[in-house]
Amino acid sequence: FFSSIAPIWRAMSYPVAPASPPSANAPDTAATWSTPLASGWPISGSTAAVPTMSSPFASSSVSGGTGLSNGVNGISSYSSYSSVTNPPGSPQTPANANVIMVAHAGGDSGAPPSPTGGRVTTSSLAQILGYQSSPRSSQGPDFSPGGPGSRMAEGSHAASSSGLFGGAGAGAFSTSGTGAGLLGTPAGGSSALDPSSTLATGYSSRSLPGDSSLLNTPGSSSKLAAGEAGAAGPTDPNGSPSPESGEHLEGKQLFTGEAEAEAEAQSATARLSYTGPVAPSKINIVTTGWERAVDQLQKDVDELKKESKTAGLQSYLDCTEQEIKAVQQSEQAMEPKLNHLQYCFERAARLRAENTAEVDRLTNELATLKAETEASILREQEERRRAVAESLAQLAAEKANMEATKSKKKKKKKKKAKPQAKQPKVKKPSAAELAAEKEAGLLAMMTEAADAATSSFLYNPRLCRITELLDNAAQGVFPDEDQEYVVGGWIRTTRDQRAMTFMEINDGSGPTGLQIVLEPNTCPDLEEFRKLGAGYGACIEATGKVVKSPAAGQLIEMKGTSIKLIGPVADGFPLAKTATSLENLRLYPHLRVRTNVMACVMRVRNEASFAIHKFFKDRHFQYVHTPVLTSNDCEGAGECFTVSTLLGQPNPDYSKDFFGSKAMLTVSGQLNVETYAAGLTNVYTFGPTFRAENSNTSRHLAEFWMVEPEVWFIDQKGLMDLAEDFLRYCIAHVLKECQADILYLSQYHQRMEEERTQEEGQRTLEGTLVERLVGIVSEPFGRVTYTEAIDILKKEAEEGKVTFEDMDLHWGMDMGSEHERYLAEQVFKKPVIVTNYPAEIKSFYMKQSEDGKTVAGMDILVPSIGEIIGGSVREDDFDKLVALAKSKGMSDADIESLSWYTDLRKYGSAPHGGFGLGFERLLLLCTGMLNIRDVIPFPRYPGGISC
C-alpha cells in the first residue's frame with residue numbers, strides 16, 4: 001500500500017511555490033532564477049557535494065540543492081533549492097519553468113562514481129512540456145524544436161531533439177535518425193519514459209540503431225519490455241559502457257554511442273565537475289512542483305491521447321490507472337484494520353475513564369513524592385554549598401592571617417606592615433545545629449505526609465447511618481428531599497395497611513429508629529415484600545427520600561421507593577417485641593445486643609473506652625500492653641487461674657510444665673506496668689484481668705477489665721488529684737457523647753423501678769441517672785482518712801441512723817460494700833476518697849506512713865457501687881519492701897520470684913504511685929445498671945461461660 005502511493009504522496013506533500021524570475025530587461029547581466037524544491041526527505045549526498053550543472057538554456061547553469069535521494073518507482077526529489085543562471089544576452093528562464101533533474105549514476109547506491117561514471121541531467125519543466133526556447137548563443141546549437149544539437153541529457157546527443165513532449169527531430173537518446181523527445185513522436189524517434197518500461201522500474205535498456213524507440217510504439221522495433229534488462233556491452237577502463245556500445249545499463253550513463261556523442265558527454269562531464277556522493281543506482285526522476293505539473297501534464301496527456309499515434313503513452317496511462325486501482329484496493333483492505341484500530345482507541349478511552357480516579361490519585365501521590373524528594377535534594381545541596389562556602393571563607397581568612405604574620409617578621413621592612421582588616425569570621429554551624437536542621441526537615445516531611453494520608457480515604461460507606469440523619473434534623477439540618485438515601489437495619493415494628501405499610505428499623509447507631517413509609521404506587525417492591533412476611537428482627541435494606549414527618553414525636557421519615565429483605569427470621573427467635581427481662585437476656589449473650597437497652601450499654605462502653613485513652617494521651621501517658629499470662633499473684637490472695645498442660649495430675653511438677661514454672665492468668669497488670677514507668681515516667685495499661693473468686697454477687701466477675709496507670713515522681717496528694725480528674729473526665733465524656741443513650745437508660749430505669757419488687761440487695765437511689773451523673777462531675781469529691789471514716793460509721797450506728805449487717809465497726813477492719821456505699825450515698829452524697837488504710841489490710845507494695853501503722857493508700861467510693869478505684873504510693877525502699885512482703889507471709893522463694901520487681905528499688909528508684917479502676921464498675925456507674933454481668937459483652941462468672 002505504501003509503496004504504491006509513496007510517489008504521489010511525497011509529491012503532494014511538498015508543493016513548490018513558483019518563484020519570480022528576474023526581469024527580462026537586463027540581458028547584459030547574469031540572471032539568477034531560484035526555485036524552491038521539496039524539502040524534508042533524506043538525500044544521498046550533501047550541499048557541498050552538488051556542483052554547478054549545465055542548463056538546457058545556452059550556457060546556463062543549475063546550482064544549489066542537496067543531492068538526490070532514492071525514490072519509489074523511480075521518483076525522487078530535491079530537499080532544498082535549485083537555481084538556474086543564464087549568461088548575459090541569453091533568454092531568461094520563463095517564470096513558470098521548474099527544474100527537473102534526471103540522474104543515472106554508476107555503481108551501487110551511495111557508492112562514489114567513477115571519473116566518467118554518473119551523469120546528472122537537467123532540464124526545465126517548460127522544455128519537458130514542449131516549451132520553445134530562443135536559439136542558443138555561440139557556445140552551442142539552437143534549442144528550438146527540431147533544431148540541431150539540442151541536449152536533453154548529459155551523455156546523450158543527437159542531431160536534434162526537443163522536450164519530452166516536443167515535436168519531431170533527431171532523436172535524443174538515440175543513435176541515429178530523427179526522433180522526438182523522451183516520449184517521441186510519430187516520426188519514429190526514440191523515447192525514454194514509459195511506466196511499464198525499464199526506466200520506470202529501474203532496469204537498464206538498450207537504444208537500438210535507426211529509427212527505433214525505447215517505447216513499444218507501432219511501426220518501430222523495441223527491446224523495452226517490463227522487467228527485461230538490456231545486455232551489458234563493453235566498458236571503458238573506468239567501468240562505464242563504451243561509447244560504441246550504445247547501451248543504457250542500470251546505474252550507467254546513457255548516450256548514443258557515436259563519437260560526437262562521446263565528445264559531447266565528456267565536455268558535459270568536465271562542466272559538471274561532480275565529485276560528491278552519487279544518487280541511487282536506479283534512474284530516479286526528481287520532480288518538484290508536483291501539483292502544478294500534474295495539472296499541466298493532465299492537459300498534455302489529454303491532447304496527446306487525441307494526437308499521438310504511439311502506444312507507449314497509452315501504456316503509461318493504463319499503468320497509472322492500474323496504480324490508482326491498486327491504491328483504492330489497498331485502502332479497502334486497510335478499512336477493517338482501521339475499524340479495529342478505532343475500536344481499540346475507544347476501548348482504551350473507556351478503560352481510562354473508568355480508572356480516572358485511581359490514575360489521579362497515583363498521579364497526585366507521585367507528584368507529592370517527587371516534590372518532597374526534590375525539596376530534600378535541594379536542602380541537602382544547599383547545606384553542602386553553605387558548608388563548602390564557609391570552609392573556603394575560613395581557609396581564606398586563615399591564609400590571610402598567616403601572610404600577615406609573615407610580613408611582620410620580615411626585618412628588611414622599615415615600617416611595620418599595616419594590620420590587615422579583620423575578616424568577619426563566619427560561624428560554622430555545629431554538628432548539633434546541622435542535626436537540628438535535618439531533624440526539622442524530617443519532621444516537616446513526616447507531618448506533610450501524615451496530613452496528606454489522613455485527608456482522604458478510600459472507604460466510602462454505602463449506607464447512611466440513621467443516627468446521623470436524626471441528629472442533623474434535631475439541629476435543623478434536613479436532608480435534600482430530592483436525594484435518595486439507602487439505610488439498612490433490623491425491623492423493630494411493622495404495621496401493614498391496605499394503602500401503605502409503616503415500618504421502623506434500627507441499625508444500632510442509636511436508640512431511636514427511622515420510620516419508613518411504603519406505598520404501592522411509589523414502591524414497586526412492596527407487594528413482593530409483603531408476601532415474604534418479614535417481621536420483628538428481620539434484616540432489611542430500604543431506599544427512599546428522607547422528608548419531614550407529619551407525625552408527632554419524630555422529625556423525619558423515609559418515603560421508600562425500594563425495599564429488600566436481606567435476612568429473614570426463622571421460627572424460634574427468642575427475642576420478642578415486648579420488653580424482656582435482663583435475667584432472660586443473659587441466656588442469649590449473642591442476641592441480646594439487638595435490644596435497645598443492651599445496645600445503649602455497649603455504645604456507652606465504647607465511648608468510655610475511648611475516653612480512657614484520650615484522657616491519658618492528652619496528659620502524655622504511654623499505653624503499655626501487659627501480659628495476660630504471668631508467674632506472680634499480684635494481690636497475694638491466691639485467687640488465680642492456673643494455666644497448665646499437666647491436667648489431671650494430683651501434685652503436678654510445674655518445672656516440667658510448658659513454661660517450666662507455674663503460670664497463671666493475671667489478676668492485675670500493675671507490677672508489670674510499674675517496670676515501664678521506671679523508664680517512661682507516665683504509663684498506663686488497659687486490659688483483661690482474671691480472679692478465681694467463687695462469688696456470684698452483682699459486683700463480681702471472673703473476667704473483667706482494669707485501667708491501671710503508674711506515675712513516677714508523685715506523692716499521695718498528686719495521686720488523689722489524678723484519680724479524681726480521671727473519673728470525672730470519663731463520666732463527663734459519656735454525658736457529652738452518649739446523650740441519647742443516657743436519656744433512654746434513665747427512662748428505662750424509671751420504668752423498671754416502678755415495676756420492680758423489693759428484693760434482697762436492691763436499693764432505691766436518689767434522683768435519676770442523669771441527675772446522679774451530673775452531680776458527680778459538678779462537685780469536687782469528698783476526702784477523709786480511714787480513721788475518720790470508721791469514726792463516722794460508729795457514730796451513725798450508735799445514733800441509730802443505720803444498721804449494717806456487719807456491726808463490728810472498729811479500726812483495722814476491712815470495710816465492706818455496705819459501709820462504703822453508706823459513706824458515699826448518705827454521709828457525703830457524692831464520691832469520697834478514703835486515705836491512709838491500715839497496713840495489715842493492704843498489699844505489701846504500698847508505702848508505709850510515718851506512724852508505721854498505716855500506708856499511703858487511697859480508695860474512691862461512689863454511690864450505688866462502693867469502691868471504684870483503689871491505689872497507693874508504692875514503697876520505693878528495697879529493704880522496707882522486702883520486710884513488708886515477709887510480714888504478709890511471703891516466703892523467700894516468693895520474694896525471689898519477684899526479684900525483677902524488687903530490682904526497681906535497687907537501680908534508680910524514686911517516689912511513684914498508681915491506682916486501678918475496674919472498668920465494668922465504671923460502666924455500672926455510667927449506665928445505672930444493677931448487675932455487672934449486664935455491662936460486659938460476654939460475662940464470665942462461676943458456672944457461666946457461654947459463647
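User: Which residues have the most contacts inside the largest nonpolar core?
Analyst: This is a predicted model, where local features need pLDDT of at least 70, side-chain atom pairs count only at pLDDT 80 or more, and totals for chains, interfaces and linings use all residues. Numbering starts from 1 along each chain as its sequence is written, and side-chain values use heavy atoms, with hydrogens and water left out. A nonpolar core here is a set of buried Ala, Val, Leu, Ile, Met, Phe, Trp, Tyr and Cys residues joined through side-chain atoms within 4.5 Å, and buried means under 20% relative accessible area (exposed is over 50%, partly exposed in between; 1.4 Å probe, protein chains only). The largest such core has 60 residues, and the ones with the most contacts inside it are F726, L727, I860 and I869.

User: Which helix gives the most to this core?
Analyst: Helices are DSSP runs of H or I with at least four residues, strands are E runs of at least two, and both are numbered from the N terminus. With 10 residues, the top contributor is helix α14 (residues 716–737).

User: Which residues is I860 in contact with, leaving aside its neighbours within four places in sequence?
Analyst: Contact means heavy atoms within 4.5 Å. On that basis I860 touches A723, E724, L727, F781, V832, I833, G866, E867, I868 and I869.

User: How many residues are in the second, separate core?
Analyst: Its members include I466, L469, I491 and L514. The count for this second core is 24 residues.

User: What is the bridge partner of D859 in β27?
Analyst: Strands β26 (residues 857–862) and β27 (residues 866–874) run antiparallel, joined by six bridges. For D859, the partner in β27 is G870.

User: Is V707 buried or exposed?
Analyst: V707 sits in strand β23 (residues 703–712). Its contacts beyond four places in sequence are I612, F616, T685, F686, F726, F915, G916 and L917. Its C-alpha is 5.9 Å from that of T685, 22 residues apart along the chain. At 0% relative accessibility, V707 counts as buried.

User: How do α16 and α22 sit, parallel or oblique?
Analyst: Their axes come within 8 Å and cross at roughly 120°. Angles under 35 degrees count as roughly parallel, over 145 as roughly antiparallel, 65 to 115 as roughly perpendicular and the rest as oblique. That makes α16 to α22 oblique.

User: Which residues of α16 make the contact with α15?
Analyst: The axes of helix α15 (residues 739–755) and helix α16 (residues 769–778) come within 8 Å, crossing at roughly 125°. From α15, the contact uses I742, L743, L745, S746 and H749. From α16, it uses L769, V770 and L773.

Notes. Axes fitted to C-alpha atoms, helices over the stretch in contact; angles between N-to-C directions. Pairing = 2+ DSSP bridges.
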